[in-house]
Amino acid sequence: MRKYKVAVIVGSNRRDSINRKLAEALIRLGGDRLSFSLVRIDDLPLYNQDLEADLPGSVRRFKADIAAADGVLFVTPEHNRSIPAVLKNAIDWGGRPYGQNSWAGKPVAITGTSPGVISSALAQQHLRVILGSSLGAQVMGGEAYIAFKPGLIDDAGAIADDSTRAFLDAFLDQFATLVRRLSVDAELREAAA
Ligand SMILES: Cc1cc2nc3c(=O)[nH]c(=O)nc-3n(C[C@H](O)[C@H](O)[C@H](O)COP(=O)(O)O)c2cc1C
C-alpha cells in the first residue's frame, strides 16, 4: 500500500527538546505506515506582512514542505498555557499571503509533551482552534497529552513505556487512516473535475 507523506512540525527550537525526542520516537513507531519528514521552523523570520511582497527563501521552503505533504503532525510543548511563539510564527507564515493558505484542508494530528501535570493540554487545545477553526485544516479528533517522565523514551529513541507506546501506535493508526481517506477523496475529486 502507498505510504502517504507526513510533515512533522516540532513546536520547540530548543536543542534538547523533549518534544523533538517524542517526534523522533513517533517517526520510528509509525514509519511502517507513513513516510515522515521533520520540517524546520527555527529559521523563519518573525512574521511581517511587509515581507509578503517578496517571500523570504526560508518561508518559501517551509510552504513548499507543507504543500508536498499529505498530512501534518504537530508535536508541541506548552508555553504559558498556549503554543510557543516559534510555532505560532510558523503557522502564521503558512496561512499567508492571503489566498495561499498552506493549511486549508490539510489532515492534521496534534500531540505534545511536558513534564507538567497537564502535559501540554492547553497548548494543544489552542492549536486545534487555530488550525481547525481559523485556518481550515482537518484536525483529527481525540486527545494525546503525553506526560514526560524519565525513561519514557529509551537511549535508542524508542517509547519505552508499553501503555504509552500502544496508545501512540493507535493514535498513528487513526492518523494514517485520516490521511489516506482525505487523500483518496481529493484524488477522486480531481479525477472527476
Ligand atoms: C517560557 C516557558 C513557558 C512554559 N510554560 C509551560 C506551561 O504553560 N505548561 C507546561 O506544562 N510547561 C511549561 N513550560 C515547561 C515546558 O513544558 C518544558 O520547558 C518543556 O521541556 C518544553 O518542551 P521542549 O523541551 O520540547 O522545548 C514552560 C517553559 C518555558 C520555557
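Pro 97 is found in the loop between H3 and S4. Helices (H or I, at least four residues) and strands (E, at least two) are DSSP runs, numbered from the N terminus. A cis peptide bond joins Arg 96 to Pro 97, with omega at about -15°. This is a predicted model: local features need pLDDT of at least 70, side-chain atom pairs count only at pLDDT 80 or more, and totals for chains, interfaces and linings use all residues. Residues are numbered from 1 along each chain as its sequence is written, and side-chain values use heavy atoms, with hydrogens and water left out.

The protein chain holds five helices and six strands. Along the sequence, they follow the pattern β-α-β-α-β-α-β-α-β-β-α. The radius of gyration of the protein chain is 16 Å, close to the 16 Å that the globule rule gives for 193 residues, so the chain is as compact as a globular protein of that length. This radius is taken over C-alpha atoms, and the globule rule is 2.2 Å times the number of residues to the power 0.38. The C-alpha trace spans about 45 × 40 × 25 Å along its principal axes.

Of the 193 residues of the protein chain, 47% count as buried. Buried means under 20% relative accessible area, exposed means over 50%, and partly exposed lies in between (1.4 Å probe, protein chains only). The accessible surface of the protein chain comes to about 9,800 Å². Carbon and sulfur atoms account for 52% of that surface. Accessible areas come from the Shrake-Rupley method with a 1.4 Å probe; for residues, only the protein chains shown count as cover. Contact means heavy atoms within 4.5 Å. Among contacts in the protein chain with a separation of 6 or more, 76% join residues 24 or more positions apart.

An N or O atom in the side chain of Asn 19 is 2.8 Å from an oxygen atom of the ligand. A backbone N or O atom of Asn 80 lies 2.8 Å from a nitrogen atom of the ligand. An oxygen atom of the ligand lies 2.7 Å from a polar side-chain atom of Ser 114. Taken alone, the ligand exposes 620 Å², and the protein buries 70% of that.

Asn 80 lies in the loop between S3 and H3. The phi of Asn 80 is near 50°, a positive value in a residue other than glycine. Asn 80 counts as exposed, at 78% relative accessibility. Ser 120 also has a positive phi, about 70°, although it is not a glycine. Ser 120 lies in the loop between S4 and H4 and counts as buried, at 1% relative accessibility.

The loop between S3 and H3 also holds Ser 82. Ser 82 is partly exposed, with a relative accessible area of 22%. Leaving aside neighbours within four places in sequence, Ser 82 is in contact with Pro 77, Ala 123 and His 126. Ser 82 and His 126 are 44 residues apart in sequence, yet 6.3 Å apart in space, C-alpha to C-alpha. Their side chains make a polar contact (2.8 Å). A polar contact is a pair of N or O atoms within 3.5 Å; within protein, one must be able to donate a hydrogen and the other to accept it, and residues adjacent in sequence count only if both atoms are side-chain atoms.

Seven of the ten residues of helix H3 (residues 85-94) are buried, so H3 is largely enclosed by the rest of the structure. Among them are Val 86, Leu 87 and Trp 93. The buried residues of H3 pack against strand S1 (4-10), helix H2 (57-68), strand S3 (71-75) and helix H4 (121-134).

Thr 111 lies in strand S4 (residues 107-114). Thr 111 is buried, with a relative accessible area of 0%.
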